[in-house]
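Dear colleague,

Please find below the structure that I promised to hand over, followed by my notes on what was found in it.

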Amino acid sequence: MSAAKWTTDMPIVSLRDVHKAYGAYEVLKGISMDVMMGEVICIIGPSGSGKSTLIRCINALNDIQSGSIKVEGQEVNDPKLDKLALRKKVGMVFQQYNLFPHKTALQNVMMAPIKVLKQPRDEVEKRARMLLKKVRLEGKENAYPGELSGGQQQRVAIARSLAMNPQVMLFDEVTAALDPETVKEVLTTIKDLAADGMTCILVTHEMAFAREVANTIYFTDRGIIVEHGPPDTFFANARDPRTREFLSQIL
Amino acid sequence: MVWEWFRWLAETKGINLTIFYDDWDRGRFFAGVWTTIHLSTICIILSILIGILGAWLQKSRFRIVRGLVQAYIQFFRNTPPLVQIYFFYFAVDALLSDYMGISGGILGSYGWAVISLSFFAGAFNAEIFRAGIEAVPESTIESAESLGYTNAQIYRYVTLPLAFRVCLPALNGNLINLVKSTTIAYAIAVPETLYVSNQIWSDELNVTEMMYVMWLTYLLLVGALVWVMHRWEKSIRVPGFGRR
């Protein structure tokens, strides 16, 4: 593996001509993308355009048919891939939070570092409490997911991911299942993360948010990246008619 | 002695509870209840183990294994337990002792009752556990995967604890049924509660009294199981999961 050769001036996540099909249905038809350390990338596009599939491929939840995905120089599309090593680097937050319902907020955050990374419990607990404070959930340590609102659950999920000390965070439509009032609290948490220099790749429908936090916006449609660019130019002067049509429908 | 009050009750009121004032009847009756208790306990434990194994093998990569588990489940769910216990005691025992060249059978009636009842309840347990495992959302498992858990860790820390909570009510029902079904061991002369009660009422001709005694005995035995299971169910209940 070429992981040793990777340096911080190279893209931390790099996709080249990624193809992915479910049976005969091709979802990704040659996606290329480079994400530098500390960058915030927002992927937007109509439903079914392959946005979620795309980021799920980055942490090998989905496999790909051809092309290359590299995270810190490590090839993900490799049958001998060390999935644990990859998932230590890449955290993921889902639309439906997917917390462990039988564990408290604190236990949800502590479990993976203890069981997967075999870190000492005291140290993990200290960090977990700090992370819950960071996502503004101080006092909710002993609440079960069922006792928390959607927004609170989603912030626990973010803390749970951060507890693994990832280099890159993937967010898959993390506010899509939330009430409008609670969307803001989750977006604020992500904004804080981005401000701290965390590399973030988000699939989102929150255009105002994307505009505010993203370094680069990618617009996908029917399995390809139609265009990408910094938010100001992207929203003001989209070149492709498909992008313009999409933006006119949602803005 | 309090037992003597029952002799007085029999002599003056005609309510003849020999199991209290007669040493011999008392001895065999409580031995019968004790047999019901340990027969039930062993069968509960074995049937749960068989259920877990069955649910796991139903997911086997090998078609033949899945087919065998399915055949086992269908056979035991779709035939009467009384027929099963006779089948084991008379047919399987004879077949095996012939084959192994042992005269007089390889297992006694108690042994065959344990095997037959455990397999009977185990077939239902396998289906109950399978349903529980299938009820764990794929998305919850994916989130564990993305945190770096191995498949074995996911099974141990996520799938099983959640599946267990889902299937506990159904498991309760089946185990209650199992305790009640131990009465069919009567048919192959296992001296459990029903069997000894029958001996007592034949000897003492106190049929009516013994009906009440049996009715109350099973009510207490099953009631104790229900109480324990409910306590357990309550202790592992988590807010917002399983019940809305």
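In chain A, four strands make up an open sheet whose order is β2-β1-β4-β5, with antiparallel pairing. The edges are taken by β2 (25–35) and β5 (74–75) of chain A, and because each has a single partner strand, one side of each is left without a neighbour in the sheet. Please keep in mind while reading that this is a predicted model. Further into the sheet, strand β1 (residues 13–22) of chain A pairs with strand β4 (residues 66–71) of chain A in the antiparallel sense, over five bridges, and R16(A) has S68(A) in β4(A) as its bridge partner.

Chain A also has a parallel pairing, in which four bridges join β6(A) to strand β7 (residues 168–172) of chain A; there, G91(A) is placed opposite M169(A) of β7(A). In a regular strand, side chains alternate between the two faces of the sheet. For strand β6 (residues 90–93) of chain A both faces are covered, with V90(A) and M92(A) buried on one side and G91(A) and V93(A) buried on the other.

Turning to the helices of chain A, helix α3 (residues 105–115) and helix α5 (residues 150–162) of that chain have axes 8 Å apart and pack at an angle of about 25 degrees. An angle under 35 degrees counts as roughly parallel, and α3(A) and α5(A) are therefore roughly parallel to each other, while the crossing of α3(A) past α5(A) is right-handed. From α3(A), the residues that make this contact are A105(A), N108(A), V109(A) and A112(A), and from α5(A) they are V156(A), A159(A) and R160(A). Sorted by class, the contact of α3(A) with α5(A) has five nonpolar residues, one polar and one charged.

In chain B, two helix pairs share α6(B). For one of them, the axes of helix α4 (residues 63–77) of chain B and helix α6 (residues 109–134) of chain B come within 9 Å and cross at roughly 120 degrees, which makes α4(B) oblique to α6(B); this crossing is left-handed. On the α4(B) side the contact is made by Y72(B), I73(B), F76(B) and R77(B), and on the α6(B) side by F119(B), F120(B), A123(B), F124(B), A126(B) and E127(B). The residues of the contact of α4(B) with α6(B) divide into eight nonpolar and two charged, with no polar residue.

For the other pair, helix α5 (residues 81–100) of chain B packs with α6(B) at an angle of about 135 degrees, their axes being 9 Å apart, and α5(B) and α6(B) are therefore oblique to each other. Here the crossing is right-handed. The residues of α5(B) that meet α6(B) are P81(B), Q84(B), I85(B), F88(B), Y89(B) and D93(B), and their counterparts in α6(B) are S109(B), W112(B), A113(B), I115(B), S116(B) and F120(B). By class, the contact of α5(B) with α6(B) has eight nonpolar, three polar and one charged residues.

Methods
Residues are numbered from 1 along each chain as its sequence is written. Chains are lettered from A and ligands numbered from 1 in the order in which they are written. This is a predicted model: local features need pLDDT of at least 70, side-chain atom pairs count only at pLDDT 80 or more; totals for chains, interfaces and linings use all residues. Axes are lines fitted to C-alpha atoms, for helices over the stretch in contact, and angles run from 0 to 180 degrees between N-to-C directions. Angles under 35 degrees count as roughly parallel, over 145 as roughly antiparallel, 65 to 115 as roughly perpendicular and the rest as oblique. A crossing is left-handed if the near helix is turned anticlockwise from the far one by less than a right angle, and right-handed if clockwise. Two residues are in contact if their C-beta atoms, placed from the backbone, lie within 7 Å. Ala, Val, Leu, Ile, Met, Phe, Trp, Tyr, Cys and Pro count as nonpolar, Asp, Glu, Lys and Arg as charged, and the others, Gly among them, as polar. Two strands pair if DSSP finds at least two bridges between them. A residue is buried if 20 or more other C-beta atoms lie within 10 Å of its own, exposed if 12 or fewer, and partly exposed in between; C-beta atoms are placed from the backbone.
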